[in-house]
Amino acid sequence: MTFKRDRGDRFIVEGGAVLSGRVPISGAKNAALAMMCASLLTDEDVTLANVPDISDVDSLGQLLMELGATLERLPGDTLRLNGAGVDHVEAPAPLIAENRASFQVTGPLLARFGEATAAEPGGDSIGQRPIAVHLSGFEALGAVVTRDGKRYTAKAAAGRLRGARIFMDYASVTGTQNVMMAAVLAEGHTTIVNAATEPEVQELGRLLNRMGARVEGIGAQVVEIDGVERLHGASWHVMADRIEAGTYAIAAAMTGGNVVLDDAPVPYMDAVVAKLRAAGANVLVENECRMRVIGSARIDPVNFQALPYPGVPTDIQAPLATMLTQAHGQSVVHERVFDNRLLYIGELLKMGADIIGQGSVAYINGPSSLHGTRVRALDIRAGVAVLLAALVADGATTIEDIYHLDRGYAHLEDKLRGIGANLRRD
Ligand code: EPU
């Protein structure tokens with residue numbers, strides 16, 4: 001497996017197409033990344049199908065290989081990982097800086113080898129992203145955590161972690177996943193109180209159980225784990241990406257289109273479906289993995305708050321807000337998960353949007369006639385916000401820094417072209 005994507009690429013988007021057709025949804029980024037880390041918990045093969053073809057998977061794959069794991073890409077977006085050769089417990093800093101998910105190698109390394117070292121993780125600039133929950137979870141499990149500049153080392157005081165009752169200050173997604181992975185090999189029973197309930201956390205719990213772990217309360221705010229001596233290999237089909245699916249649903253609604261989402265995680269999409277319907281779109285759920293979204297000629301304003309699951313996901317806040325620039329009236333959007341996730345407003349203003357950002361609240365007045373210009377993808381979701389805006393703008397929009405989009409959206413331009421969008425990579 002190689003890690004190489006061109007950071008210099010840009011998209012040129014001609015606005016005005018009405019999207020129609022079918023779009024296949026890929027595997028969930030934030031589930032796949034955690035599951036790749038879980039492969040470090042065993043020396044047997046962990047085979048993951050439906051892993052999205054995105055650069056965050058490449059960079060985490062590279063990190064796992066530098067730890068001594070082997071990775072093989074098989075047909076059908078399948079990745080076979082093997083952690084038998086893992087021979088060191090220090091994650092290389094540049095790769096940890098590539099994305100936040102990479103810090104989740106620490107829980108499995110600490111659980112299996114009694115020690116892990118990593119730099120503070122990178123990721124998008126969307127506000128404070130502490131790792132206190134991860135570290136205090138490790139400490140509760142009997143690890144001693146030391147800090148040397150920006151490097152953290154956790155060592156199991158007794159060689160092996162011990163089960164404990166852990167209260168998480170915040171129901172952090174990666175924090176819960178990391179501590180769960182540490183606890184599955186700990187001696188005795190662990191209770192995680194205030195665990196994140198996001199579907200990607202649930203999915204990791206299910207994979208861990210398939211590997212021989214004993215995790216109960218999957219999807220609940222209190223998770224119970226009986227530690228086991230060892231885990232074995234497993235095969236798993238990664239769930240579909242609810243954020244990617246939501247993004248295409250919004251694209252369909254925003255352009256007045258008619259698009260079928262195939263392989264979508266419909267049971268996990270209540271929040272976005274509710275908001276699309278409130279805005280006037282016709283969302284027809286055909287079954288558990290397929291829905292049709294038909295945009296209406298007039299989009300109504302909608303208020304929403306971005307919240308932990310099952311609320312409207314913070315990762316869909318920017319795309320949904322972008323759609324609301326086309327609504328007739330004022331929408332109020334409150335980002336309540338991250339403290340600085342409205343930076344995309346500045347890019348939308350360049351395109352003619354009428355949005356006032358105050359702290360974590362956006363007041364969006366519409367409908368605005370957006371026009372093509374040069375804008376930047378500031379992070380994955382801010383990037384997709386300007387892309388959605390470009391789809392309905394007059395003329396051509398140039399989007400710089402689209403390597404952010406490649407981090408999280410598999411085959412983005414092929415999928416969009418497949419439903420009639422007019423864009424090219426330059
Ligand atoms: N927080 C704390 N203390 C902690 C950890 C987090 O207060 O110790 C707070 C943060 O300050 C933030 C909130 O908790 O305000 C949410 O952070 P969380 O830790 O849950 O986020 P994360 O685990 O870093 C994951 C996803 C994000 C997604 C969030 C929320 C991965 C790799 N990343 O991040 O995905 O936005 O959960 O759902 O799973 C994306 O895909 O674009 C993305 C940013």
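Predicted model: local features only at pLDDT ≥ 70, side-chain atom pairs only at ≥ 80, totals over all residues.
## Nonpolar cores

The largest nonpolar core holds 79 residues. Met36, Leu41, Leu48, Val105 and Leu208 touch the most other members. Helix H1 (residues 29–38) gives this core its largest share, eight residues.

What does Leu208 touch, leaving out residues up to four places away in sequence? The list is Ala38, Leu41, Met180, Met181, Val184, Ala213 and Val215.

## Helix H5 and its neighbours

Helix H5 spans residues 132–140. Its buried residues are Val133, His134, Leu135, Gly137 and Phe138. They pack against two helices, H4 (106–113) and H6 (173–183). They also pack against strands E7 (143–148), E8 (151–156) and E9 (165–167).

Gly142 follows H5. The phi of Gly142 is positive, near 95 degrees.

## Helices H8 and H12

Two packed helices are described by the angle between their axes and the distance between the axes. For helix H8 (residues 242–254) and helix H12 (residues 380–392), the axes come within 10 Å and cross at roughly 20 degrees. Angles under 35 degrees count as roughly parallel, so H8 is roughly parallel to H12. The crossing is right-handed.

Which residues meet here? From H8 come Ile243, Thr247, Ile250, Ala251 and Met254. From H12 come Arg381, Val384, Leu388, Ala389, Leu391 and Val392. By class, this contact has nine nonpolar residues, one polar and one charged.

Most residues other than glycine have a negative phi, and most peptide bonds are trans.

The bond from Tyr309 to Pro310 is cis, with omega near 10 degrees. Pro310 sits in the loop between strand E17 (304–306) and helix H10 (317–323). The bond from Gly366 to Pro367 is also cis, with omega near 0 degrees. Pro367 belongs to the loop between strand E20 (361–366) and strand E21 (374–376).

Asn50 has a positive phi, near 65 degrees, though it is not a glycine. Asn50 is found in the loop between strand E3 (45–49) and helix H2 (55–67). Is Asn50 buried or exposed? Asn50 counts as buried because its relative accessibility is 16%, and the cut-off is under 20%.

Asp401 is not a glycine either, and its phi is positive, about 65 degrees. Asp401 lies in the loop between strand E22 (396–400) and helix H13 (403–408).

How values were computed
Residues numbered from 1 in each chain as written. Heavy atoms only, no water. Buried < 20%, exposed > 50% of the residue type's maximum accessible area, 1.4 Å probe, protein only. Helix = DSSP H or I, 4+ residues; strand = E, 2+ residues; numbered from the N terminus. Contact = heavy atoms within 4.5 Å. Axes fitted to C-alpha atoms, helices over the stretch in contact; angles between N-to-C directions. Parallel < 35°, antiparallel > 145°, perpendicular 65-115°, else oblique. Left-handed = near helix turned anticlockwise from the far one by under 90°. Nonpolar A, V, L, I, M, F, W, Y, C, P; charged D, E, K, R; others polar. Core = buried A, V, L, I, M, F, W, Y, C linked by side-chain atoms within 4.5 Å.
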